[in-house]
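Read the following alongside the sequence and the coordinates.

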Amino acid sequence: MESYRVCILGNSHLVAFQQSWSNWPPGVRADFSPAFFFALTPLLNTIKLRGSALITSDPDLRDRFEQSTGERRIELANYDAFVLVGLRFNFNIPEICGRYGTIDHARYDEGARQLLSRELFTRMLRAQFDGTDALRIAGMIRQRSPAPILISPVPLRMEATLDDEQFAGDARLRNPEFLEHVYGQFREAGAAAAKALNCEVLWQDPKTIARAAFTASQYSRASSGAARDLRDRWHGNDLF
């Protein structure tokens with residue numbers, strides 16, 4: 001039986017993904033064969049398309065690829081599907097909505113923000129997704145392969161974000177109606193950007209979401225209690 005080979009490429013968010021895979025192996029077909037390629041975010045821009053492969057000009061990243069998969073490059077024709085994990089495909093609701101809004105958003109809070117038209121706000125969100133490493137890499141894959149591409153986004157900001165000083169006074173971030181509205185706008189923009197490259201987004205499991213648009217604390221890496229993780233607002237743990 002030939003194996004069904006899947007290339008799983010990601011940055012730091014791949015760590016929790018891989019830990020979860022090891023700790024709680026999913027129910028997959030017997031011939032399913034994943035290959036995990038890890039790349040630190042600063043090195044993602046070294047990944048380029050050459051011929052029918054994704055290669056990197058960074059020797060340390062080539063070594064890391066080889067250590068984890070036995071391969072120093074990603075030969076696209078060798079894979080039946082691709083999963084892109086993290087890679088800056090994110091929903092940075094607190095920061096974007098702390099600076100910009102539409103007239104629809106203003107009814108939740110009249111704080112001083114730069115008001116944009118609905119169309120311009122949507123275009124801004126779309127541009128954010130179009131500029132991610134996930135879609136840049138997906139675009140290179142699409143030039144050589146028609147295989148399915150799934151995008152697993154960066155987790156929603158952790159619930160502890162609400163305790164941070166810069167967001168402590170923003171009443172909208174505690175308003176479920178506002179957050180559901182805005183999260184829907186982000187999802188629409190992300191889905192449209194992915195669809196343009198014939199990709200599909202793996203949306204965050206609703207059971208991991210708190211307050212409509214944050215990742216619940218128990219799924220945060222900060223919940224480990226390790227000092228280095230306590231200020232982490234972006235990464236999930238192996239339960240995520």
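How many residues does the largest nonpolar core have, and which of them have the most contacts inside it? In this predicted model, the largest nonpolar core comprises 53 residues. Those with the most contacts inside it are Ile47, Ile74, Ile93, Ile137 and Phe186. The element that gives the most to this core is helix H7, residues 176–195, with 8 residues. Another core lies apart from it, made of 8 residues, including Val6, Leu14, Phe36 and Val83.

Leaving aside residues up to four places away in sequence, Ile47 touches Ala39, Leu54, Ile55, Thr56, Leu61, Phe65, Arg136, Ile137 and Met140. One of these, Ile137, is also among the residues with the most contacts inside the largest core.

The next element is the sheet. Five strands form an open sheet in the order S2-S1-S6-S9-S10, and their pairing is parallel. Strand S2 (32–38) and strand S10 (200–201) are the edges, each pairing on one side only. Within the sheet, strand S1 (residues 4–10) and strand S6 (residues 81–85) run parallel and are joined by 5 bridges. Across this pair, Leu9 stands opposite Leu84 in S6. In general, the strands of a sheet pair through backbone hydrogen bonds, in either a parallel or an antiparallel manner.

H5 covers residues 118–130, which is 13 residues, and spans 18 Å from its first C-alpha to its last, close to the 18 Å expected at 1.5 Å a residue. Its buried residues are Phe121, Leu125 and Phe129. Because these residues cover an arc of only 80° around the axis, they are on the same side of H5. They pack against helix H3 (93–99), strand S7 (100–101), helix H4 (103–106), helix H6 (133–144) and H7. On the face of H5 turned away from the buried side are the exposed residues Glu119 and Arg123.

Two backbone details remain. Most residues other than glycine have a negative phi. Arg88, although not a glycine, has a positive phi of about 70°. Arg88 is in the loop between S6 and H3, and it counts as partly exposed because its relative accessibility is 39%. Arg211 is not a glycine either, and has a positive phi of about 55°. The loop between strand S11 (209–210) and strand S12 (214–215) holds Arg211, which counts as partly exposed at 46% relative accessibility.

Conventions: Residues are numbered from 1 along each chain as its sequence is written. This is a predicted model: local features need pLDDT of at least 70, side-chain atom pairs count only at pLDDT 80 or more; totals for chains, interfaces and linings use all residues. Side-chain values use heavy atoms; hydrogens and water are left out. A nonpolar core is a set of buried Ala, Val, Leu, Ile, Met, Phe, Trp, Tyr and Cys residues joined through side-chain atoms within 4.5 Å. Buried means under 20% relative accessible area, exposed over 50%, partly exposed in between (1.4 Å probe, protein chains only). Helices (H or I, at least four residues) and strands (E, at least two) are DSSP runs, numbered from the N terminus. Contact means heavy atoms within 4.5 Å. Two strands pair if DSSP finds at least two bridges between them. The expected span of a helix is 1.5 Å times one less than its number of residues. The arc is that of the directions from the helix axis to the C-beta atoms.
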